[in-house]
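Please keep the sequence and the 3D view open while you go through them.

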Amino acid sequence: MRYDLPALKARLKGIHIEDNPALLRQKSRDFYWYSPTLKRQLDGVIGDLLAAPASEEEVLRILAACFALGIPVTPRGAGTGNYGQAMPLAGGLVLDLSRLDKVLEIAPGRVRAQAGALLADIDAACAPSGQELRLHPSTYRTASIGGFIAGGSGGVGSISWGGLRDLGNILSLRIATMEASPQILTLSGEEVQKIAHAYGTNGIILDVEMPLAAAYDWTEAMIGFTDFAEAAAYAQALGEQDAILKKLVSVIAAPIPQTAFLRHRRFLPEGMHVVLVMLAPMGSAAFESFTARRGGTMLFRSDLLAEADRHGLPPLYELAWNHTTLRALRVDPAITYLQTLYPHPDPLARVARIHSRLGDEVPAHLEFVRFDGRITCFGLPLVHYTSEARLDAIIALHEELGIPVFNPHRYTLEEGGMKQTDPAQLAFKREADPKGLLNPGKMIAWENPEFDFATGRTYLFPGLEGRD
Ligand code: FAD
């Protein structure tokens, strides 16, 4: 046995633990299978024990016990990450934080909640104050706030507020370190970036303080265009209409909406490229005028539908961001995706250039966001998958055209989201996790400082060698 589990169990007396293999397997997984590459690499990954603390004191006891016994700890919120972030590559303990789910304090402009609280539950608690979270992933109904901060980046709301990377979108974090006597630290300002999007490799988030915005009963709309470039230009221009308050502006190329958005299909004529919009209801008339000016066809408006016609429709944000991929995958399992950014100058020219080169093999999907004060778009293009070599060639073509790819087919921080080692996160890991026990295998700079990115080689965690 790799680890002294009997000794660990003895130290965790009174804390909820699980070693049922079926449950452990389920709780050792996330949505890594979106990627054929990660599916091949990570399918066999499984933790040795799960612990689900019900209080902060229990978290600290678990960390101290694992530290003493040299057992790795992989934190887990709801397990909806896409790149195996919450998968325990070295086995050990899965730290299930879903029972730390309380909303602790609501005040004008801010909320404090425990890490395991679900995003939708936080908003439900804030609703009586007329407030809601500024941004959330499309997994709003299932994901935790701690997992969003440690593993996500932005999503619904980013068209007005930017992403989690932007100072001010996370107010403060209380975290526990992985030491003989775990400490509790409060981080704010620049400091939160040490932990944000670090995949739980350098601290356990206990609770978070997030900014709030005014809550609305958001109107959902779908606008059709026969020309994709016109749809993208409309979305960019709508994003730039500062006086029309929006929460979502997405563009999805035909035929994906018609084939994948099964419940909305009756609203979607063949051949139309579709723009998804969530807007604050007081802007409806302005939005109608803006859409008419740009020649868009209004295909769907949630506020104009009879109650009976709305029945059974998923919320619009569950057609957007990575839910677009999920819906397309359900219809065609050979589909996978990329994550790209079309930077200024002229993001739409970059979109046009890459999609004219790749054609039907890579249907376009754009998500518009406010990025450093300007509207631009991320891409979550779908890929009709044939082989890993072809996928790499498609990525290389994007990079050649000046379109950065945040590779969702890699499980490490550096190769996926960040492209290079974040020195602040690495330095903080040295302090907060001196034995390197938190989520091993996800930070290359820690595992193998000699790793040479210039070779283009994929990093494979030693614990996974032999499985590949
Ligand atoms: P988990 O998957 O459980 O964990 C994510 C990472 O955080 C892991 O590395 C884990 O170890 C770490 N972690 C979890 N809790 C803690 C903690 N308390 N302390 C320290 N580390 C912790 N993401 C977006 O950003 N935007 C989107 O729009 C979006 N859409 C998605 C759509 C679909 C259909 C799917 C499957 C995924 C999508 N995601 C998106 C990815 C993911 O759903 C979100 O990032 C989500 O917020 C993750 O939350 P979780 O609770 O499931 O985290």
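1. At least two residues of the shell around the ligand come from each of β3 (73–76), α6 (145–151), β10 (204–214) and α12 (321–331), where helices (H or I, at least four residues) and strands (E, at least two) are DSSP runs numbered from the N terminus. The largest contribution is that of α6, which gives five residues to this shell. The model is a predicted one, in which local features need pLDDT of at least 70 and side-chain atom pairs count only at pLDDT 80 or more, while totals for chains, interfaces and linings use all residues. Residues are numbered from 1 along each chain as its sequence is written.

2. Around the ligand there are 38 residues, and those that come nearest are Gly 77, Gly 147, Gly 151, Gly 152 and Gly 200; a residue is near a molecule or strand if its C-beta atom, placed from the backbone, lies within 6 Å of it. Sorted by class, the shell holds 15 nonpolar, 21 polar and two charged residues, with Ala, Val, Leu, Ile, Met, Phe, Trp, Tyr, Cys and Pro counted as nonpolar, Asp, Glu, Lys and Arg as charged, and the others, Gly among them, as polar.

3. The domain assignment, whose bounds come from an automatic or database source, gives domain 1 (5–96) and domain 2 (219–400). Their C-alpha centres lie 36 Å apart, and the contact between them takes five residues from domain 1 and seven residues from domain 2, two residues being in contact if their C-beta atoms, placed from the backbone, lie within 7 Å. Each of these domains also supplies at least three residues to the shell around the ligand.

4. Which strands are the edges of the open sheet of seven strands? The order is β14-β11-β13-β12-β17-β18-β16, with antiparallel pairing, and the edges are β14 (297–301) and β16 (340–342), each of which pairs on one side only; two strands pair if DSSP finds at least two bridges between them. Three bridges join β16 to the antiparallel strand β18 (residues 374–379), and Leu 341 stands opposite Phe 378 in β18.

5. As for the whole chain, it has 17 helices and 19 strands, and its C-alpha atoms fill a box of roughly 70 × 50 × 40 Å along the principal axes. The radius of gyration, taken over C-alpha atoms, is 22 Å, which agrees with a compact globule, because one of 468 residues would have a value near 23 Å by the rule of 2.2 Å times the number of residues to the power 0.38.
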